[in-house]
Amino acid sequence: MRMSSSMSVSMSRAAAAAGLSLAVFGLGTAVPAAAAPTAYSGYTGSAAEAKADQAFFQAVLKSVAEKRAAHPNSAAAVTVVYDASRAPTFSAQIARSAQIWNSAVSNVKLQSGSNADFSYREGNDSRGSYASTDGHGSGYVFLDYAQNQEYDSTRVTAHETGHVLGLPDHYEGPCSELMSGGGPGPSCTNSQPDANERARVNQLWANGFQAALDKALTKS
């Protein structure tokens, strides 16, 4: 999942090699000095990446729906739980991204906690930052050190989190679109979703979640 206009490896080839569905980003953050920034060639996305984005969202949707079916409550907003313990370098950016999305939308809320629906990880990867799912309900957002030195870190993290909430990449979009990722270049530091992105997430977590919940309740 993703972001990106700054990727050096094609998504489809990377997915085949790793056996994972990946969605790549292309943004950045402040990282340990030991990680030297690398040059990322322009990346315009692929059908494989778009499919990976959707797979990640569906995995999170299923996880949340199954938990609510087992423990129903009356809360209007759906809670998506994340685990940031494996990305300590980016703890501030992750918390800020959750705050950004929680302030922007009303039908879904991000919350740190145990029994998480997805997690964040950090490290070095030539593909940059991305969101990944194994297709079996296990998903994580990977934040690359080098890429996060080149791009605004909070934008990268908020963008990747946007994939978790169901939004696809739109690299050709302007800086005002969070999901344009690395498309506008490193000078773009906007970390806020625009009105269309906010509306889309609210729609997905109203209609899409209800369908997933109905399916989970049928199985229980």
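Biologist: Asn115 first: buried or exposed?

Modeller: Exposed, because its relative accessibility is 59% and the cut-off for exposed is over 50%. Keep in mind that this is a predicted model.

Biologist: Where does Asn115 lie?

Modeller: In the loop between β3 (108-112) and β4.

Biologist: And what is the phi of Asn115 near?

Modeller: Near 50°. That is a positive value in a residue other than glycine. Most residues other than glycine have a negative phi.

Biologist: Next loop. Where is Ser129 found?

Modeller: Between β4 (118-123) and β5 (130-133). Ser129 is buried, with a relative accessible area of 0%.

Biologist: What does the side chain of Ser129 reach?

Modeller: The backbone nitrogen of Asp144, at 3.0 Å.

Biologist: Switching to Tyr140. Which strand is Tyr140 in?

Modeller: β6, residues 139-144. Tyr140 counts as buried because its relative accessible area is 11%, and buried means under 20%.

Biologist: How far apart are the C-alpha atoms of Tyr140 and Val60?

Modeller: 9.9 Å. Along the chain, Tyr140 and Val60 are 80 residues apart.

Biologist: Now α5. What span should its 12 residues have?

Modeller: At 1.5 Å a residue, helix α5 (residues 153-164) should span 16 Å. The end C-alpha atoms of α5 are 17 Å apart, so the two agree.

Biologist: How many residues of α5 are buried?

Modeller: 12 of 12. Arg155, His159, Glu160 and His163 are among them.

Biologist: What caps the N-terminal end of α5?

Modeller: Asp152. One of its side-chain oxygens lies 3.4 Å from the backbone nitrogen of Thr154.

Biologist: And what follows α5?

Modeller: Gly166 follows α5, with a positive phi near 110°.

Biologist: Last topic, the largest nonpolar core. Which of its residues touch the most other members?

Modeller: Trp101, Phe118, Tyr120 and Trp205, out of 35 residues in that core. Elements that each supply at least two residues of this core include α2 (47-70), β2 (78-86), α3 (91-104) and α6 (195-219).

Biologist: Which element gives the most to this core?

Modeller: α2, with five residues.

Biologist: What does Trp101 touch?

Modeller: Leaving out residues up to four places away in sequence, the contacts of Trp101 include Leu110, Leu178, Pro193 and Val201.

Conventions
Residues are numbered from 1 along each chain as its sequence is written. This is a predicted model: local features need pLDDT of at least 70, side-chain atom pairs count only at pLDDT 80 or more; totals for chains, interfaces and linings use all residues. Side-chain values use heavy atoms; hydrogens and water are left out. Helices (H or I, at least four residues) and strands (E, at least two) are DSSP runs, numbered from the N terminus. Buried means under 20% relative accessible area, exposed over 50%, partly exposed in between (1.4 Å probe, protein chains only). A polar contact is a pair of N or O atoms within 3.5 Å; within protein, one must be able to donate a hydrogen and the other to accept it, and residues adjacent in sequence count only if both atoms are side-chain atoms. The expected span of a helix is 1.5 Å times one less than its number of residues. A nonpolar core is a set of buried Ala, Val, Leu, Ile, Met, Phe, Trp, Tyr and Cys residues joined through side-chain atoms within 4.5 Å. Contact means heavy atoms within 4.5 Å.
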